[in-house]
Amino acid sequence: LVPGDGGAWLLPRLIGEAKAKEYLLTGEDITPEDAVDLGLAVDVADDPVERAVDLAGNLLELPALAVRRTNALVDPERSFEEYCERAIAFQWECVTDPEHAEVIAAFGEDREPDFDRDYS
């Protein structure tokens with residue numbers, strides 16, 4: 001059989017053609033450490049769920065709109081021109097967001113920002 005579900009299309013775009021062919025042709029597993037080295041993962045966690053919860057908690061402490069817009073900007077399929085257009089629009093959105101004003105005020109007052117949002 002050949003790799004299904006787009007694996008032979010996606011993997012070379014993520015880790016390069018040579019490394020993708022090595023894994024696809026040999027059937028060798030990508031270890032967690034290899035995944036980090038290849039840029040497919042950020043780190044190896046003893047407890048992945050705990051690590052994910054910690055990361056989510058850290059993201060919740062940041063301005064929500066800026067996090068959403070930054071995430072939306074990361075798209076390797078988008079052209080540079082499309083990226084620039086989106087980045088300009090997103091930057092204006094973030095600068096005019098009330099959470100941005102809170103971050104600026106908190107920085108000036110040497111305190112942590114206090115965002116008024118409910119995640120329940």
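1. A word on terms before the residues: buried means under 20% relative accessible area, exposed means over 50%, and partly exposed is what lies in between. Tyr83, with a relative accessible area of 35%, is therefore partly exposed. Please keep in mind that this is a predicted model.

2. Tyr83 has a ring partner. The structure holds 1 aromatic pair: the ring centres of Phe80 and Tyr83 are 6.2 Å apart, and because their planes meet at 25°, the pair is stacked. Both residues belong to helix 6, 3 residues apart, or about one turn of the helix. Phe80 is exposed, at 59% relative accessible area.

3. Arg78 is worth a look in your viewer. Arg78 sits in the loop between helix 5 (64–73) and helix 6 (80–95), and with a relative accessible area of 16% this arginine is buried. The side chain of Arg78 comes to 3.4 Å from the backbone oxygen of Ala72. Setting aside neighbours within four places in sequence, Arg78 contacts Ala72, Leu73, Tyr83 and Arg86.

4. Another arginine meets a ring: the charged end of Arg69 sits over the ring of Phe90, 5.0 Å from the ring centre.

5. How many disulfides does a search of the whole structure find? The search finds 0. Cys84 is in no disulfide, and the nearest cysteine sulfur, that of Cys94, is 16 Å away. The cut-off for a disulfide is a pair of cysteine sulfur atoms within 2.5 Å. As for accessibility, Cys84 is partly exposed at 26%, whereas Cys94 is buried at 14%.

Key
Residues numbered from 1 in each chain as written. Predicted model: local features only at pLDDT ≥ 70, side-chain atom pairs only at ≥ 80, totals over all residues. Heavy atoms only, no water. Helix = DSSP H or I, 4+ residues; strand = E, 2+ residues; numbered from the N terminus. Buried < 20%, exposed > 50% of the residue type's maximum accessible area, 1.4 Å probe, protein only. Polar contact = N/O pair within 3.5 Å; in protein donor to acceptor, adjacent residues only side chain to side chain. Contact = heavy atoms within 4.5 Å. Phe/Tyr/Trp six-rings, centres within 6.5 Å; stacked < 30°, edge-to-face > 60°. Lys NZ or Arg CZ within 6 Å of the ring centre and 35° of its normal.
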